Amino acid sequence: MPSDSRKYLVGLVGPDVLEAAEKDLFHPVRLDLDNCDAIEIRYDFFDESEWPTLSERVRHIVDNKIQIGTIRLQRDGGKFPDARAVERLELWKRILSGKQVPEWLDLERDCLSDFKALNDMAYPIGVSLLISEHNFVRIPTDMELETFAADIKRVGAQGLKIAAMSNSDSDCDRLYKFAKKYGKKFQLFAAFGMGETGRVSRLWSLNEGANLTYGSIGHSEAPGQIEVSVMRRALDQTENLHSQMEILAFLEQF
């Protein structure tokens with residue numbers, strides 16, 4: 001599956017953002033949502049009774065954005081209890097039965113055993129799967145990244161995301177190498193570092209082969225995350241930001 005030539009800035013939607021946007025046509029979060037190319041609906045932040053209608057509610061506010069549906073487990077930085085991981089397939093089924101559904105669903109790599117069952121539900125209605133990995137300790141080795149890509153290609157998923165903690169200025173070089181090699185082999189591909197030394201990679205990774213990156217709306221949900229308004233300004237000035245140092249200098253203005 002070749003990559004999409006566009007670059008996608010994803011903003012996360014939780015209860016606070018959605019409720020604010022629904023109540024006030026002129027609320028600042030609406031500008032943030034407009035600055036995004038895609039919206040990540042974090043189902044794990046909402047009450048389960050709301051899940052079947054969330055996609056429709058988000059489309060009512062921003063109807064021209066790609067949606068990525070996520071039920072993030074606690075061990076991967078979310079709020080859905082790890083002990084209830086086995087329940088998610090039934091919950092995905094409820095989400096996919098809604099009047100509106102996301103174009104993509106995000107499934108963690110450590111739950112890859114659920115891929116076939118979830119894909120059997122999603123594929124017939126035109127929903128694709130993005131496989132994600134979150135490492136809050138370190139950047140994986142080259143061999144670990146190669147194995148990750150091989151696992152995703154083996155099951156036939158169309159999207160890949162790796163977000164890993166950067167602990168030095170050169171830590172993200174492995175992610176850039178990974179993006180150069182595999183970015184064009186997936187429709188959606190993200191590979192960036194978390195933490196302070198990973199901030200630049202959220203933008204520079206798009207120069208290295210990735211086409212997907214994430215920004216914050218309101219408060220940050222991940223270490224080193226940058227506000228979508230700042231990310232959009234940077235993306236709009238890509239032709240003037242030729243190096244990681246120039247991106248860093250740009251970010252330091254905000």
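This report covers helix packing and a handful of individual residues in a predicted model.

Residues are numbered from 1 along each chain as its sequence is written, and side-chain values use heavy atoms, with hydrogens and water left out. Because the model is predicted, local features need pLDDT of at least 70 and side-chain atom pairs count only at pLDDT 80 or more, while totals for chains, interfaces and linings use all residues.

## Helix packing

Two packed helices are described by the angle between their axes and the distance between the axes. Axes are lines fitted to C-alpha atoms, for helices over the stretch in contact, and angles run from 0 to 180 degrees between N-to-C directions. Helices (H or I, at least four residues) and strands (E, at least two) are DSSP runs, numbered from the N terminus.

| Helix pair | Angle | Axis distance |
|---|---|---|
| H1 and H2 | about 110° | 8 Å |
| H1 and H3 | about 45° | 10 Å |
| H6 and H7 | about 35° | 10 Å |

Start with H1 and H2, packed at about 110°. That angle makes H1 roughly perpendicular to H2 (65 to 115 degrees; under 35 is roughly parallel, over 145 roughly antiparallel, and the rest oblique). H1 brings Val17, Ala20 and Ala21 to the contact, and H2 brings Val29, Arg30 and Leu33. Contact means heavy atoms within 4.5 Å. By class, there are five nonpolar, no polar and one charged residues here. Ala, Val, Leu, Ile, Met, Phe, Trp, Tyr, Cys and Pro count as nonpolar, Asp, Glu, Lys and Arg as charged, and the others, Gly among them, as polar.

H1 (residues 15–23) also packs on H3 (residues 51–61). These two helices are oblique to each other. Their crossing is left-handed. A crossing is left-handed if the near helix is turned anticlockwise from the far one by less than a right angle, and right-handed if clockwise. Leu18, Ala21 and Glu22 of H1 meet Leu54, Arg57, Val58 and Ile61 of H3. That contact divides into five nonpolar, no polar and two charged residues.

H6 (residues 142–155) and H7 (residues 173–182) form another pair. Their crossing is right-handed. From H6 come Asp142, Leu145, Glu146, Phe148 and Ala149; from H7 come Arg174, Leu175, Lys177, Phe178, Lys181 and Tyr182. Six of these residues are nonpolar, none is polar and five are charged.

H9 (residues 228–236) has Val228, Val230, Met231, Arg232, Ala234 and Leu235 as its buried residues. Buried means under 20% relative accessible area, exposed over 50%, partly exposed in between (1.4 Å probe, protein chains only). The buried residues of H9 pack against strand S1 (8–13), H2 (28–35), H8, S8 and H10 (244–251).

## Tyr176 and Ser205

Tyr176 sits in H7. It is buried, at 5% relative accessibility. Beyond four places in sequence, Tyr176 touches Val200, Ser201, Trp204, Ser205, Glu208 and Gln244. Its side chain and that of Gln244 are joined by a polar contact of 3.3 Å. A polar contact is a pair of N or O atoms within 3.5 Å; within protein, one must be able to donate a hydrogen and the other to accept it, and residues adjacent in sequence count only if both atoms are side-chain atoms.

Ser205 lies in the loop between H8 (201–204) and strand S8 (212–215). Its relative accessible area is 0%, so Ser205 is buried. A polar atom of the Ser205 side chain lies 2.7 Å from the backbone oxygen of Ser201. Not counting residues up to four places away in sequence, Ser205 touches Tyr176, Ala191, Phe192 and Ala210.

## Lys161

Lys161 is in strand S6. This lysine counts as buried, at 5% relative accessibility. Its side chain makes a polar contact of 3.2 Å with the side chain of His134. Neighbours within four places aside, the residues in contact with Lys161 include Arg72, Asp106, Glu133, His134, Phe148 and Tyr214.

## Two loop aspartates

Asp171 is in the loop between S6 (159–165) and H7. At 12% relative accessibility, Asp171 is buried. It touches Ile139, Met165 and Ser166, leaving out residues up to four places away in sequence.

Asp24 is in the loop between H1 and H2. Asp24 is partly exposed, with a relative accessible area of 31%. Asp24 and Ala122 stand 98 residues apart in sequence and 33 Å apart in space, C-alpha to C-alpha.
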